[in-house]
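Here is a quick tour of one protein model. Have the sequence and the structure open while you read.

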Amino acid sequence: MEDQSTQVTESAVLNALKTITDPDLHRDIVTLGFVQELKICGGQVAFKIVLTTPACPVRDKMRDEAKAVVSALPGVTQVNVQMDAKVVATQGIPEKRAIAGISNILVVGSGKGGVGKSTVAANLAISLAKMGARVGLMDGDIYGPNIPLMLGITEQPIVQNERVVPVIKHGLKVISMGFFNRGDTPVIWRGPMLHSAIQQFLNQVSWGELDYLMVDLPPGTGDVQLTLVQSVPLTGAVVVSTPQDVALQDARKAIMMFKQMKVDILGVVENMSYFLCPQCHHRSDIFSHGGARKASEKFDVPFLGEIPLDVSIREGGDTGLPITIAQPESDLSKVFTRVAEQLAAQISISNFKQPSVPAVVM
Ligand SMILES: Nc1ncnc2c1ncn2[C@@H]1O[C@H](COP(=O)(O)OP(=O)(O)OP(=O)(O)O)[C@@H](O)[C@H]1O
Ligand SMILES: [Mg+2]
């Protein structure tokens, strides 16, 4: 009889784990299907918690909480929690992926040129990859590609079975028109060519399995955006802005455009947000500050964070060694990590808005 009263059951463990809520998805981790491979052997309990992204800032906290609540159950002598991540695909069901193997396609855009889209896209992509995600970066700037220079890519991609193999650099799978157009010759293609170039980037490249494919858009509200929206289901858009009024006006235009195209806005990033003097650490708000946050509140879209103006960010772009690679432990790299975590959370939230929540697998 004594044995029975202390017998550990699956329902007792799951009920205990139901008290843990995902902070972004606002539902408990059992209902969300995060708890998998639950095994009970006497007093020993083992299970996996499968998160929606490896870029989860509360990963360790969730593991500790899970361990604590299960350890507190009568009869439990040992708890083994394994943390894992499986990025949810847009529309939740794999059959609906427009490109086999790619779970999420996100675009990084702005209304205005030169606000740091490519810099932000490259550093966010690297940050996600460093956290364990499988990430691709597609240079959507067909006329003025600068991703190769920014990442220091000099090699040409190879062609295998009539498909282009992306170049792997800094942990990313990269494709850019710059690979096919070496030298300073400008690409003077027009509309239809641009459309087919984007189509080829999407469909004729061996991307393999990707959690996130990030597309660095050219400035403005133009044809590339339209081609992408018409060709593949996009998870959403990241809008980059600087804090000046004029840039914010353009950011608003970009937000409106994406909304009109029914593209979810994953969030707004304020780049060149403030300047920290490397000598005296005084902070100056060169282009004023906080405008992008206000704009995102006004449009009711998430705000992902602020990236300072810093000479090492510019140098990273010029030398082919982005800051997140050149100085991975710096405060600046940590800023990008935090923005990447926010972005990954918004992607998970966006994908979980659909009704199909995976069932508990045991
Ligand atoms: N936070 C930052 N601090 C310092 N320099 C930055 C920062 N962000 C971007 N830059 C620099 O600003 C310039 C423009 O950045 P970038 O090329 O990323 O902008 P973009 O929006 O992609 O431009 P385009 O519209 O031409 O595609 C680059 O020289 C880049 O190194
Ligand atoms: Mg750019």
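## A sheet and its helices

Gln 44 stands opposite Gln 78 in E3. Keep in mind that this is a predicted model.

That facing pair is a handy way into the pairing of strand E2 (residues 44–51) with E3, which is parallel and runs over eight bridges.

## Helix H4

Now for helix H4, which covers residues 117–130. Its 14 residues reach 20 Å from the first C-alpha to the last, close to the 20 Å expected at 1.5 Å a residue. Is H4 enclosed or open to the outside? Of its 14 residues, 14 are buried, so H4 is largely enclosed by the rest of the structure. Just after H4 comes Gly 132, whose phi is positive at about 110°.

## Two residues up close

| Residue | Element | Other C-beta atoms within 10 Å | C-alpha separation |
|---|---|---|---|
| Ala 197 | helix H6 (residues 191–203) | 19 C-beta atoms | 9.9 Å to Ser 176 |
| Gly 267 | strand E12 (residues 265–276) | 22 C-beta atoms | 9.9 Å to Val 339 |

Why is Ala 197 partly exposed? A residue needs 20 or more other C-beta atoms within 10 Å to be buried, and Ala 197 is partly exposed because it has 19. Leaving out residues up to four places away in sequence, Ala 197 touches Ile 142 and Met 177. Ser 176, listed in the table, is 21 residues from Ala 197 along the chain.

Gly 267 is buried, because 22 other C-beta atoms lie within 10 Å. With residues up to four places away in sequence again left out, Gly 267 touches Val 238, the run Val 301, Pro 302, Phe 303 and Leu 304, and also Gln 342, Leu 343 and Gln 346. Val 339 is 72 residues from Gly 267 along the chain.

Note on methods
Residues are numbered from 1 along each chain as its sequence is written. Chains are lettered from A and ligands numbered from 1 in the order in which they are written. This is a predicted model: local features need pLDDT of at least 70, side-chain atom pairs count only at pLDDT 80 or more; totals for chains, interfaces and linings use all residues. Helices (H or I, at least four residues) and strands (E, at least two) are DSSP runs, numbered from the N terminus. A residue is buried if 20 or more other C-beta atoms lie within 10 Å of its own, exposed if 12 or fewer, and partly exposed in between; C-beta atoms are placed from the backbone. Two residues are in contact if their C-beta atoms, placed from the backbone, lie within 7 Å. The expected span of a helix is 1.5 Å times one less than its number of residues. Two strands pair if DSSP finds at least two bridges between them.
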